[in-house]
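Welcome! Take a moment to look over the chain and its fold before reading on. The notes below will walk you through it, topic by topic.

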Amino acid sequence: MSTEVSNESGFPVAEEEFAALARYVLEEMHVHPQAELSILFVTTDVMAELHERWMDEPGPTDVLSFPMDEMRPGREGEELAPGTLGDVVLCPEVAAAQARTAGHSTAEELLLLTTHGILHLLGYDHAEPEEEKEMFALQRRLLLTFLAGR
């Protein structure tokens with residue numbers, strides 16, 4: 001897996017941990033080992049601009065996903081084509097506020113949002129109740145097993 005992590009937010013982020021999480025999630029989802037992914041941490045101003053431009057909604061949000069090659073999860077033993085999964089853009093300032101409300105650390109919130117963003121790149125959604133149930137259960141399992149293994 002090729003994962004590029006860039007921090008343009010000014011917020012301290014353990015970039016290597018996010019690269020490790022991405023590798024873990026993509027391996028668990030049986031994505032081709034040569035798939036490419038970008039994770040970018042940005043300021044609230046940049047996130048607000050992206051949110052308005054691409055989602056037509058005002059203000060910053062926590063995470064946005066920008067798929068490239070519309071890759072989907074595979075199955076064990078299945079041969080998938082390599083490609084560029086896309087970009088996950090996160091706003092640590094928004095995540096910090098959400099973390100306080102949820103009662104956990106900003107780092108934990110950012111790891112959760114990263115997992116969430118990667119699942120969106122793989123075609124998961126939560127617009128409908130059944131989709132939400134499936135995506136959030138998978139997101140939780142992936143994050144908890146990643147955290148248990150470190």
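In what order do the four strands of the open sheet lie? The order is S1-S2-S4-S3, and the pairing is mixed. Please keep in mind that this is a predicted model, where local features need pLDDT of at least 70 and side-chain atom pairs count only at pLDDT 80 or more, while totals for chains, interfaces and linings use all residues. Residues are numbered from 1 along each chain as its sequence is written, and side-chain values use heavy atoms, leaving out hydrogens and water.

**The sheet**

- Strands (E, at least two residues) and helices (H or I, at least four) are DSSP runs, numbered from the N terminus.
- Two strands pair if DSSP finds at least two bridges between them.
- The edge strands are strand S1 (2-7) and S3, each of which pairs on one side only.
- From one strand to the next, the twist averages 15 degrees.
- S1 and S2 are joined by six bridges in the parallel sense, and Ser 6 has Leu 40 of S2 as its bridge partner.
- S2 and S4 also run parallel, with six bridges between them; here Leu 40 stands opposite Val 89 in S4.
- S3 and S4 run antiparallel and are joined by five bridges, with Phe 66 opposite Asp 87 in S4.
- In a regular strand, side chains alternate between the two faces of the sheet.
- S4 is mostly covered, as five of its seven residues are buried (buried means under 20% relative accessible area, exposed over 50%, and partly exposed in between, with a 1.4 Å probe and protein chains only).

- H4 lies across S2, S3 and S4, and runs at about 145 degrees to S4.

**A closer look at helix H4**

- How far apart are the end C-alpha atoms of helix H4? They are 22 Å apart, which agrees with the 22 Å that its 16 residues (106-121) should span at 1.5 Å a residue; the expected span is 1.5 Å times one less than the number of residues.
- H4 is mostly covered, with 12 of its 16 residues buried; among them are Thr 106, Glu 109, Leu 110, His 116 and Leu 121.
- These buried residues of H4 pack against helix H1 (15-28), strand S2 (36-41), strand S3 (63-67), strand S4 (84-90), helix H3 (92-102) and helix H5 (129-148).
- After H4 comes Gly 123, whose phi is positive, near 100 degrees.

**Aromatic pairs**

- The structure holds three aromatic pairs (rings of Phe, Tyr and Trp, the last by its six-membered ring, pair if their centres lie within 6.5 Å; planes under 30 degrees apart count as stacked, over 60 as edge-to-face and the rest as tilted).
- One of the pairs joins Tyr 24 and Phe 146: the ring centres are 5.9 Å apart and the planes are at 50 degrees, so the pair is tilted.
- Tyr 24 is in helix H1 and Phe 146 in helix H5, so this pair links distant parts of the chain, 122 residues apart.
- Phe 146 counts as buried, because its relative accessibility is 9%.
- Trp 54 and Phe 66 have ring centres 6.0 Å apart and planes at 75 degrees, so this pair is edge-to-face.
- Trp 54 lies in helix H2 and Phe 66 in strand S3, so the pair ties together parts that are 12 residues apart in sequence.
- Is Trp 54 buried or partly exposed? At 49% relative accessibility, Trp 54 counts as partly exposed.

**Salt bridges**

- There are two salt bridges (a side-chain nitrogen of Lys or Arg within 4 Å of a carboxyl oxygen of Asp or Glu).
- Glu 28 forms a salt bridge with Arg 141, with the closest N and O atoms 3.8 Å apart.
- Glu 28 lies in helix H1 and Arg 141 in helix H5, so the pair ties together parts 113 residues apart in sequence.
- Both partners are partly exposed: Glu 28 has a relative accessible area of 33%, and Arg 141 has 39%.
- Arg 150 forms a salt bridge with Glu 17, with the closest N and O atoms 1.6 Å apart.
- Arg 150 lies in the segment after H5 and Glu 17 in helix H1, so this pair ties together parts 133 residues apart in sequence.
- Arg 150 counts as exposed, at 59% relative accessibility.

Conventions. Contact = heavy atoms within 4.5 Å. Axes fitted to C-alpha atoms, helices over the stretch in contact; angles between N-to-C directions.
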